[in-house]
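Work through the exercises below in order. Each task is followed by its solution.

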Amino acid sequence: MGDCSAAEAVMMEAEEDLIASAQKIMRALESDMKLSDYARNVLANLGSRLSSLAVASESRDEVSEEEGEGEGVDEIEQQLDRIQEKVMSWENNQSIMIWDCSSEEAYDYMKAVDEARRLVEVLESRSGSEDGGSLRRAHDILQTAMARLEEEFRHLLVQNRQPFEPEHMSFRSTEDDLIEAGSVISSGDDSLEDVRESMGRTSEEYVVELVSQDVVHDLKSIAGLMFDSGYERECSQVFVNVQKDALDDCLFSLEVEKLSIEDVLKMEWNALNSKIRRWIRVMKVFVRVSLGSEKLLADQILGELGSACFADSSKSAMLQLLNFSEAITIGPHQPEKLIRILDMYEVLDDLMPDITALYPDEAGTCVRAECQDVLERLGECAKTTFVEFEHAVASNVSSNAFPGGGVHPLTRYVMNYFKALMDYRRTLDVVLKGRDQKDDSVPASPDASPSGEEEEEDGSSGSSSASAMAVHFKSLISILESNLNGKAKLYKEESLQRLFLMNNIHYMAEKVKGSDLRTVLGDDWIRKHNWKFQQHAMNYERATWSSILALLRDEGLQNPGSSSRSLKERLQSFYLSFEEVYKNQTGWSIPDAQLRDDLRISTSLKVIQAYRTYVGRHSNHISEKHIKYSADDLEDYLLDLFEGSQKSLHGSHRK
């Protein structure tokens, strides 16, 4: 007895605290204080709960009163008559939706349906055969009401949904799509675009209100009553169907086409590149904004079943986006695709925490697994594409020598390719890691490293300290150098072979030195390749000028007083050789201005000094009329070399 009194005292005290809290809330609301969105949501949920308690209390009172009076079949039938009249009054007027009329009408209808539900529960608990007819009738009324609530639920969801148009985000086709539709890597130095898509999250990282909170409250009330009545499957299916259509509309508004794998594989690169860029932008907004908002709405309305219904409604839209990326991984592994594949990999990898949060339970297993599978496929595709690029460089064959001996387009393409990939350094290092160097890589020709010491100086490919990206870059540059050595042999003149290799290796060294590639390949690599192109420059000078300058030396003369005829013949031979060099090498090219000037100066110092010495030493034996060019003339002519425009000195006279 004492325990009972104590329990009653505790309950009374708890009830007094509840009343005090309610009075405090009323006073706060009467003061017209401003409420945050969160506070309004809390109060809306509280109001929904209180409404449910009121409806339940009234129904219990009515049922209890009738039961207490020894309720019989007649009384139950009368109660069913009253409920049926309310339900059927709306069935006879299908053109008007209940929730479009007034909140009072909606409340009365919900109250009548909940009363029918409770009558079904009471009748099912009885065992008397006389209640069988009443139970069937109550079931029929409840079924009719559930069908109506299903339509009302659908109507509220469809008619009150806010259009999905995030501000400051435009997904319409623009000129940028057309401008960037071409190859993302160029062989030119000034046309390499900033090709990487922005990965910033600030613009997309928010959730929009798809349905106003007032309507959410009504939807939640309908769902709750349908769930309590055993119609959770019907209610959930309506929600899934409506939200699935809404997500399809969202993708349509973002200009996402439904493409089969065959459609994607048939696309030309320009069109495909544009589609990939759109996929990258859409994927971020769709997952973080659209799906995030849908998940919140599902949880608000359906409670514990929200997660499963959200997974069901969003699955097809997500698979549509993922199927596109899967098609990309199946297609040919062309080098120009690598940048976009890495973009897709980074976006999906960045979204994986969001996707895991959206699909945390068993219902979302399919979507989570598919995302992870596509991510791995993209990584494998990126790795394979890079390996195919190595093979393409190794197998690039030229039948004709590159005109002028300048920087070959292949060299420009490879180095610009590397430079563009630096924006993806971490990602590329991840996807390249673990690749079997022996089985997959293309071995560099021994010609690429004459001394056989490159690996030792630049870092062994098997070194644990070298990143996978550095190992692959060094390997590919060795392959490129080997290829260039083969292309150099297409030139007949040794001097042009050396000039060609000097130009290309200098270009490679400068590209690395002036970019983030330096942090990957290292200063030792730069020093080694600086030494290489300088050696080629010295070999060029030796191949071009050694035999010519030999004419200006005294070696071969019988004695210091040799005949003036021999001296004059040597001088004329020098002039003829110089003119031949001038004719040929004005058409040769050194694109880098500083390198061109340096080689001119180095050549000029040797040639002009030898010429002045020769003419000065033998001035007593060589008359003025035999001096075709002054030293200043020759110095000026040397400045014409390597401009890529052939000239001739035949018929020229001393200035």
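**Exercise 1.** Which residues does Ala 145 touch, not counting residues up to four places away in sequence?

Solution. The model is predicted. Start with the location: Ala 145 lies in helix α6, residues 132-159. Next, list the contacts: Ala 145 touches Val 87, Tyr 109 and Val 113, leaving aside residues up to four places away in sequence. A further pair to examine is Ala 145 and Trp 90, which are 55 residues apart in sequence and 9.4 Å apart in space, C-alpha to C-alpha.

**Exercise 2.** Decide whether Ala 145 is buried or exposed.

Solution. The cut-off for buried is under 20% relative accessible area. Ala 145 has 1% relative accessibility, so Ala 145 counts as buried.

**Exercise 3.** Where in the chain is confidence lowest, and where is it highest?

Solution. Begin with the whole chain: the mean pLDDT is 81, and 75% of the residues reach 70 or more. Confidence is lowest in helix α7 (residues 175-179), with a mean of 41, and highest in helix α20 (residues 494-513), at 96. Then take residues 1-7, where pLDDT stays under 50 and the model has zero contacts beyond four places in sequence. Over residues 197-204 the pLDDT is also below 50, but this stretch has 21 contacts beyond near neighbours in sequence. Where pLDDT is low, predicted coordinates should not be read in detail.

Notes. Residues are numbered from 1 along each chain as its sequence is written. This is a predicted model: local features need pLDDT of at least 70, side-chain atom pairs count only at pLDDT 80 or more; totals for chains, interfaces and linings use all residues. Side-chain values use heavy atoms; hydrogens and water are left out. pLDDT is the predictor's confidence in each residue, from 0 to 100. Helices (H or I, at least four residues) and strands (E, at least two) are DSSP runs, numbered from the N terminus. Contact means heavy atoms within 4.5 Å. Buried means under 20% relative accessible area, exposed over 50%, partly exposed in between (1.4 Å probe, protein chains only).
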